[in-house]
Amino acid sequence: MHSKLRSIGFIVLGAVAGVLVSLNFQAVAERAGRSALPIEELRAFTEVFGAIKTNYVEPVEDKKLITEAINGMLTGLDPHSAYLDAEAFKELQVGTQGQFGGLGIEVGMEDGFVKVISPIEDTPAFKAGIKPGDLIFKLDDTPVKGMSLNDAVKKMRGKPNTQITLTISRKGEGAPLVVTLTRAVIRVQSVKSKMIEPGYAWIRVSQFQEGTAESMVKHLEGLFKQGPVKGLVLDLRNDPGGLLHGAVAISSAFLPPKSLVVSTDGRAEDAKKKFFASADDYARRGDDVLKNLPAAVKTVPMVVLVNGGSASASEIVAGALQDHKRAKVIGTQTFGKGSVQTIMPLGNNTAIKLTTARYYTPGGRSIQALGITPDIMVEDPSDTATRVREADLQRHLENSLAKGEPPRAKPAPQVMPGEQKPVELGSKDDFQLSQAIAFLKGEPVKSQSPTVAQNKPETN
């Protein structure tokens, strides 16, 4: 039996080496200065492979074993690296266009369960009251424990008008919550805007997609045609991020030409880049999508609104405008996702999503696991959910600068959970937005709603 396992092992060792070469891992290894593949470790892998093929209680296809091995390699690195099978790769490509079938939830993995990072506005999940921090531990009758994140996402997505039941654990609730949602075509309107009052404009970016910059230009043109704009609020709350070039374009709209927007640094040479406020760095099809911007956009007084749901690309924008002192950042601490994922196609319409770099603000700050600290802390009295941040995720990348990073502002006292219901962003009841407008007018800014402050229990 042992000799049979060894024979299988050596056959598979050659196959695995061939797979590694075909996936271009040999080139990566050479760039990293390694002269040879780790033969001993690969031999251990093939012995396990052979043992499963020979002794597992049921026959297992080679494709399944190799796929699960690739899955394990990637998910064991950090919360954002993943293997994308043909269906997941297609969904990713469709998702960046702003339309897909599903529930409308940004999720991660925590302790083997699906953890909600943020529901997307105007989607079935958002309307059903799904909250950041919710733990999904059952999808219909299938336990989530043991599923990969990709498998869980695949099960939540599906044809419009079909239903799925989520069983949720929520902090503060004594019993699990059971919510049945009807899948819909998720068309994310990435930009919204309106005049809050004469002279003061609000523009919201909910996600960075292919057409976000172009859409933002149209909205800004419409706002500035309504009369002189004295102040502008760029709302990035609950914006989970998206495409890097979209973040560069949005930042470039408000910064002087050629300003540094963000830099990335990784082990590979092509991961060491700097992105500037230039069409060369944000135009995807050769056209400068910002060419029709009203000139006053560059100088109008600005506030950027953020919260714990502002992640990745939205943190790049907030950090760039903050470092260049182009805008004041108001709100609460952001999510802290300061890593770059590169999609690497593998053939057969599959790919890997691999963390290849960290990104840094123009001032050299790493946001990874720290986030952006607002210049002025203003709590959201309606946001009583337990926020999940990058630093809470298992296997998150550490921030080597964390110990030396000085706090930029003193956090406001934490708001205790209450009976407040989430308010519509941009509405008259939006406390954080009202304080942003107050700042632009030169009026005092309140860190907490007076009603919440009065109801907050005292500590004895």
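Helix 3 (residues 39-55) and helix 4 (residues 62-75) pack at an angle of about 140°, and their axes lie 11 Å apart. Helix 3 is therefore oblique to helix 4; angles under 35 degrees count as roughly parallel, over 145 as roughly antiparallel, 65 to 115 as roughly perpendicular and the rest as oblique. The axes are lines fitted to C-alpha atoms, for helices over the stretch in contact, and the angles run from 0 to 180 degrees between N-to-C directions. Helices (H or I, at least four residues) and strands (E, at least two) are DSSP runs numbered from the N terminus.

This is a predicted model, in which local features need pLDDT of at least 70 and side-chain atom pairs count only at pLDDT 80 or more, while totals for chains, interfaces and linings use all residues. Residues are numbered from 1 along each chain as its sequence is written, and side-chain values use heavy atoms, leaving out hydrogens and water.

On the helix 3 side, F45, F49, I52 and K53 meet D62, L65, I66 and A69 of helix 4, where contact means heavy atoms within 4.5 Å. The residues of this contact divide into six nonpolar, no polar and two charged. Here Ala, Val, Leu, Ile, Met, Phe, Trp, Tyr, Cys and Pro count as nonpolar, Asp, Glu, Lys and Arg as charged, and the others, Gly among them, as polar.

A second pair is formed by helix 8 (residues 212-224) and helix 9 (residues 244-254), which pack at an angle of about 30°. Helix 8 is therefore roughly parallel to helix 9. T212, A213, M216 and L220 of helix 8 make the contact with A249, I250, A253 and F254 of helix 9. By class, this contact has seven nonpolar, one polar and no charged residues.

| Helix pair | Angle | Axis distance |
|---|---|---|
| Helix 3 and helix 4 | about 140° | 11 Å |
| Helix 8 and helix 9 | about 30° | 9 Å |

G336 lies in the loop between strand 16 (328-331) and strand 17 (339-347). At 0% relative accessibility, G336 counts as buried (under 20% relative accessible area; exposed is over 50%, partly exposed in between, with a 1.4 Å probe and protein chains only). Leaving aside residues up to four places away in sequence, G336 touches E315, I367, Q368, A369, L370, G371 and E390. Its C-alpha atom is 7.2 Å from that of A391, 55 residues apart along the chain.

The chain averages a pLDDT of 83, and 82% of the residues score at least 70; pLDDT is the predictor's confidence in each residue, from 0 to 100. It stays under 50 over residues 2-33 and over residues 453-460. Where pLDDT is low, the predicted coordinates should not be read in detail.
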